[in-house]
Amino acid sequence: MPAQATDARRAGVLGSPIAHSLSPVLHRAAYAELGLTGWSYDRFEIDEAKLPGFLETLGPEWAGLSLTMPLKRAVIPLLDEVSETAASVEAVNTVVFTEDGRRIGDNTDIPGIVAALREHGIEQVDSAAVLGAGATASSALAALSRICPGEIAVYVRSEARAAEMRQWAERLDVAVHIADWADAEQALRAPLVISTTPTGATDALARSVPERPAALFDVLYDPWPTDLAARWSAYGGAVVSGLDLLVHQAVLQVEQMTGLAPAPLDAMRKAGEQALADR
């Protein structure tokens, strides 16, 4: 049932650490734009051990939750239903509570990546490269399975990570070539590069950006730009930022939790940009 302006409803983001999360800024901006004056959205420092007990305390006023690390996998056994998208990477970042109290898990990161790329005119690529092999990399593979029919090169630092990415590739039915991180500069010549690494991990690659780069999707957003994104942009390449992803996945969360669509993407993005500028 679509949300009503006067409904006293709650939502929030859970994770650990969580103080840095921009989700409250984005969701509250959406509520303001949609006229949902009775809605609130807060952040909660919750780890895996505290998650089951926290969920049990939630009353019928709760509409949904956003989840970040380390809860995206830990929440799955606590749910009544998980979408195919979330199941494909065993990661839930969105929980919606139904009127009859059921907990439905979804993953909006994967369609969020696709939507962020599409907004920048990238709807399909013949091949791609992924830097890193963590949880975000598996979502990147799932997103690429929708827009990239060719081979995806994944650059990793360890054989353990390589084995994980081979498993995800088989599960997602994508053609993957595993490469050593020492050769990561070769990735920069791909039609689309998705960097899923922590802050600073790709700084050394900035000096290897080709003169005519194609497209870079860097999932980081604070600090921004990364050295790699700055050099990429300076050379005229298309750059998609982590804020683009954050906003697009939040748009889908707002729509699921409130039942109202479309969510106000522009207002949410402006709120996020302002919050980052104020840090």
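**Entry 1: Asp 126**

I began with Asp 126 and, setting aside its neighbours within four places in sequence, found it in contact with Cys 148, Pro 149, Gly 150 and Glu 151. I note at the outset that this is a predicted model, and I read each entry with that in mind. Asp 126 sits in the loop between α4 (109-119) and β7. Is Asp 126 buried or exposed? I looked up its relative accessible area, which is 63%, and since the cut-off for exposed is over 50%, Asp 126 counts as exposed. I also checked Ile 152, which is 26 residues from Asp 126 along the chain, and the C-alpha atoms of the two are separated by 9.2 Å.

**Entry 2**

Which strands pair with β7? I found strand β8 (residues 152-156), which pairs with β7 in the parallel sense over four bridges, and strand β10 (residues 192-195), which also runs parallel to β7 and is joined to it by three bridges. For individual residues, I noted that Val 130 has Ile 194 as its bridge partner in β10, while the bridge partner of Leu 131 in β8 is Tyr 155. I then followed the chain from β7 through helix α5 (residues 135-147) to β8, and this β-α-β crossover is right-handed.

**Entry 3: helix α5**

I stayed with the helix of that crossover and looked up its length. With 13 residues, α5 reaches 19 Å from its first C-alpha to its last, which is close to the 18 Å expected at 1.5 Å a residue. I then listed its buried residues, and among them are Ala 137, Ala 140, Leu 141, Leu 144 and Ile 147. The serines Ser 138 and Ser 139 are buried as well.

**Entry 4: aromatic rings**

Next I turned to the rings, where the count comes to four aromatic pairs. In one of them, Phe 44 and Phe 54 are tilted, with 5.2 Å from centre to centre and 55 degrees between the planes.

Why is the pair of Phe 54 and Trp 62 edge-to-face? Their planes stand at 80 degrees, with the ring centres 6.3 Å apart, and the cut-off for edge-to-face is over 60, so the pair falls in that class. Taken together, ring pairs link Phe 44, Phe 54 and Trp 62 into a cluster. I checked burial too, and found that Phe 44 and Phe 54 are buried, as is Trp 62.

**Entry 5: the whole chain**

Last, I stepped back to the protein chain, which has nine helices and 12 strands. Its C-alpha atoms fill a box of roughly 55 × 35 × 30 Å along the principal axes. For 279 residues, a compact globule would have a radius of gyration near 19 Å, and the chain agrees with this, having 19 Å. Buried residues make up 52% of the 279 residues. Of the contacts with a separation of 6 or more, I noted that 65% are between residues 24 or more positions apart.

Note on methods
Residues are numbered from 1 along each chain as its sequence is written. This is a predicted model: local features need pLDDT of at least 70, side-chain atom pairs count only at pLDDT 80 or more; totals for chains, interfaces and linings use all residues. Side-chain values use heavy atoms; hydrogens and water are left out. Rings of Phe, Tyr and Trp (its six-membered ring) pair if their centres lie within 6.5 Å; planes under 30 degrees apart count as stacked, over 60 as edge-to-face and the rest as tilted. Buried means under 20% relative accessible area, exposed over 50%, partly exposed in between (1.4 Å probe, protein chains only). Two strands pair if DSSP finds at least two bridges between them. A crossover is right-handed if, with the strands pointing away from the viewer, the path from the first strand over the helix to the second runs clockwise. The expected span of a helix is 1.5 Å times one less than its number of residues. The radius of gyration is taken over C-alpha atoms; the globule rule is 2.2 Å times the number of residues to the power 0.38. Contact means heavy atoms within 4.5 Å.
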